[in-house]
Protein chains: 2
Amino acid sequence: MNRIITIGREFGSGGREIGRRIAENLHIAYYDQEIVTELSSRSSLTEGYIRNVEENHPLPLLPITTARTFGLSSNQAAEQQLSVYDLESRIIRDMASKSDCVIVGRCGDYVLWDMEPFRLFIYADIESKLARCRRKGSDAKELSDRELRRRITSIDKKRARYYNFFTDQTWGDKTNYDLCVNTSLTDIKKLAATLTQYLESLL
Amino acid sequence: MNRIITIGREFGSGGREIGRRIAENLHIAYYDQEIVTELSSRSSLTEGYIRNVEENHPLPLLPITTARTFGLSSNQAAEQQLSVYDLESRIIRDMASKSDCVIVGRCGDYVLWDMEPFRLFIYADIESKLARCRRKGSDAKELSDRELRRRITSIDKKRARYYNFFTDQTWGDKTNYDLCVNTSLTDIKKLAATLTQYLESLL
């Protein structure tokens, strides 16, 4: 079985950078935005539309089976969202079948459960996330601390809603992960190197 | 500042063994039962009584300040429980001031917050905890799976109640820890070695 590492992450926690660095350190594939690109090339959907569906998943908080029972399939927008999830899941499974890889977000831990991925969750306290967004995000410059804080919280809420809807699990609940890492006050590069060692030793 | 590692752990998750092995691997002090022994030697309380207070903390679920406001100080039993916590906290702080160490349970992460401990939380799914208790616990032999499961849940509930009461935080909530490790299906000895590397690299 391939070594598969899935990463759930809070916005601003450095999860994406950790994923990229782990993939580089282990010399394995890294899939994040690549999943969107692949989905766009396999369908009629633009990358912008797919990202919009991922980020602004507006379906009500019903389990997917309930949503289907309630006839949401007749709602074209809802149906297209389900289809984005279904297609992405298929692409993720294809990618994970091909070779060792790191997969960021998109319910990877759930989608690949039978392929026994190592499931990481990366989080941090709000102050660290604010500081990181200030350092990294060019568009954060124009926001006040209060606005940026609200933005971080809002993105995480959307991630949680997306994950909880499709998996019937709770996003960020430690029972769904093998390792939950708090990146507050930690150097991300050093942490990624340490996590690489950890994964090398256990996988 | 000393390297201090605190370990919160679910019953049957292997957290205590991990703590012991990390301390051995790092050649640093290990405090668990030793805290009870020290408290007993400094007070008139027997080790049995102290363990009983730790394990069966029967105070109502009020924050400690509220408990005091409501005049629980007049209740001798309640007062003695508060005093066990206070004395243990003092002992833990003394121990952590002396040298690098691993401290298991007893709200160590909270008691030592200003000494910046590395806060580990060890957990596992119920099946793994059952299996571990069957392998390790001599008294588990006489219990049915259902009884053992109930016992595990009950001990964890008591740990949560004790921690939540004294810290005003939530036991096992990942935001209170630096690293949360799921030991399900994992070899504890190997995991402890991997965690030792992790800590050596970051601390």
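Me: Is Glu38(B) buried, partly exposed or exposed, and with what relative accessible area?
Reply: This is a predicted model, in which local features need pLDDT of at least 70 and side-chain atom pairs count only at pLDDT 80 or more, while totals for chains, interfaces and linings use all residues. Residues are numbered from 1 along each chain as its sequence is written, chains are lettered from A and ligands numbered from 1 in the order in which they are written, and side-chain values use heavy atoms, with hydrogens and water left out. Buried means under 20% relative accessible area, exposed over 50%, and partly exposed in between (1.4 Å probe, protein chains only). Glu38(B) is therefore partly exposed, with a relative accessible area of 27%.

Me: Which residue meets the side chain of Glu38(B) in a salt bridge?
Reply: A salt bridge is a side-chain nitrogen of Lys or Arg within 4 Å of a carboxyl oxygen of Asp or Glu. The N to O distance is 2.9 Å, and the partner of Glu38(B) is Arg42(B).

Me: How many residues apart in sequence are the parts that Glu17(A) and Arg132(A) tie together?
Reply: These two residues form a salt bridge whose closest N and O atoms are 2.8 Å apart. Because Glu17(A) lies in helix H1 (residues 15-26) of chain A and Arg132(A) in helix H7 (residues 126-136) of chain A, the parts tied together are separated in sequence by 115 residues.

Me: Which residues are linked with Glu54(A) in a network of salt bridges?
Reply: Glu54(A) is placed in helix H3 (residues 47-55) of chain A, and it counts as buried at 14% relative accessibility. Contact means heavy atoms within 4.5 Å, and, leaving aside neighbours within four places in sequence, Glu54(A) is in contact with Val36(A), Glu88(A), Arg106(A) and Tyr162(A). The network links Glu54(A) with Arg16(A), Asp32(A), Glu88(A) and Arg106(A).

Me: Which C-alpha of chain A is nearest the axis that relates the two copies?
Reply: Copies are superposed by least squares on the C-alpha atoms of residues with pLDDT of at least 70 in both. A rotation of 180° with 0.0 Å of shift along its axis superposes chain A on chain B (RMSD 0.0 Å), and the two copies are thus related as by a two-fold rotation axis. At 2.5 Å from the axis, the nearest C-alpha in chain A is that of Cys180(A).

Me: Which residue of S5(B) is the bridge partner of Val181(A)?
Reply: Two strands pair if DSSP finds at least two bridges between them, and 3 bridges join strand S5 (residues 179-182) of chain A to S5(B), the two running antiparallel. In S5(B), the partner of Val181(A) is Leu179(B).

Me: Which element gives the largest share of the side of chain A that touches chain B?
Reply: The interface joins 21 residues of chain A to 21 residues of chain B, and the rule finds 0 salt bridges across it. Strand S4 (118-123), S5 and helix H9 (188-202) of chain A each supply at least two residues of the side that touches chain B. The largest share, 8 residues, comes from H9(A).

Definitions and conventions:
Helices (H or I, at least four residues) and strands (E, at least two) are DSSP runs, numbered from the N terminus.
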